[in-house]
Amino acid sequence: MEALIYQKGLRNKTAARHFYNYLNFLDPAGVSFRAINYGFDDGKMIPLNPQEQAHCFRLALYNHLVVASGVDLKGKRVLETAVGRGAGASYIARHFRPKSIHGIDISERSIEFDRDYYHISGLTFSAGDAEGIGFAPNSFDAVLDVESFHYYPHPERAIAEAYRALDKEGYYLVADMVPAGQIKGFMEGLKAPGFRLAKDPEDITENVVRSLQNEADQKEVAINNQVPLLLRPLFQVFAGQPGTFFYNELQAKRLCYLNVVLQK
Ligand SMILES: C[S@@+](CC[C@H](N)C(=O)[O-])C[C@H]1O[C@@H](n2cnc3c(N)ncnc32)[C@H](O)[C@@H]1O
């Protein structure tokens, strides 16, 4: 059942929009469900402000994506597609000092949250679809997309849009889970509009599984405190709790978590 949801059911924009709008209803202050990606643990600490500590592993995934890419975001114009509740974008704004970072998301409630919650110079948000972002060509030096590709019904449109919005030699940084048997097609799809690989894709599955283990107790408390009883099993699956579908697939490496860095 979960496998079917992953393969087919997630790629529905209306369902994604409602699910993430509902998350804002469940956790209006963004206490538990703010950084809504899986985490990264390589045993190293990253620089964090006190308000970022609760999400240390999830922010470490953003940190690693940027640091390992070798791309210097300082003074750059950055777009994050599927920015969610802004934890990653705000982390990048604080720690990597881009000139600007704009986040878009299909969930308008998440964007309302982001606009209310973050007051950081250069960090802005708008509701929008990654498959049709609508920015003028050559508007950005880097586009980031974290853990959202598996929601797009037409990922090729999101890739083409990122390519169009990027300036010459701009970077596209993508992190997501891909079924092991589909990696070749995923990589070909990413390169299709004319991107070249800036470095070999990095498989961070083991680091992600370790962070899911580390965060399991914290997530259990959050789910029990903030999610209605009947929905808790579903949230446990999405949260990657040990013993549930995504965790098992990642642990068995049937699902691989990849970091990919492309250049226009
Ligand atoms: C797992 S969350 C990741 C959010 C954020 N990147 C993070 O790591 O915290 C997936 C996000 O994708 C967004 N999303 C799904 N389909 C989208 C689309 N077509 N365009 C823009 N955002 C989309 C959802 O609303 C949700 O915020």
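The axes of helix α3 (residues 56-69) and helix α4 (residues 87-96) come within 10 Å and cross at roughly 55°, where axes are lines fitted to C-alpha atoms over the stretch in contact and angles run from 0 to 180 degrees between N-to-C directions. Helices are DSSP runs (H or I, at least four residues) and strands likewise (E, at least two), numbered from the N terminus. The model is a predicted one, in which local features need pLDDT of at least 70 and side-chain atom pairs count only at pLDDT 80 or more, whereas totals for chains, interfaces and linings use all residues. Residues are numbered from 1 along each chain as its sequence is written.

**Exercise 1.** Classify the orientation of α3 and α4, and list the residues that meet.

*Solution.* Angles under 35 degrees count as roughly parallel, over 145 as roughly antiparallel, 65 to 115 as roughly perpendicular and the rest as oblique. The two helices, α3 and α4, are therefore oblique to each other. From α3, the residues R58, L59, Y62 and V66 meet A87, G88, Y91, I92 and F96 of α4, contact being defined by C-beta atoms, placed from the backbone, that lie within 7 Å.

**Exercise 2.** Locate N138 and decide whether N138 is buried, exposed or partly exposed.

*Solution.* N138 is found in the loop between β3 (123-127) and β4 (140-146), and has a positive phi of about 65° although it is not a glycine. A residue is buried if 20 or more other C-beta atoms, placed from the backbone, lie within 10 Å of its own, exposed if 12 or fewer, and partly exposed in between. Because N138 has 14 C-beta neighbours inside 10 Å, N138 counts as partly exposed.

Terms used:
Two residues are in contact if their C-beta atoms, placed from the backbone, lie within 7 Å.
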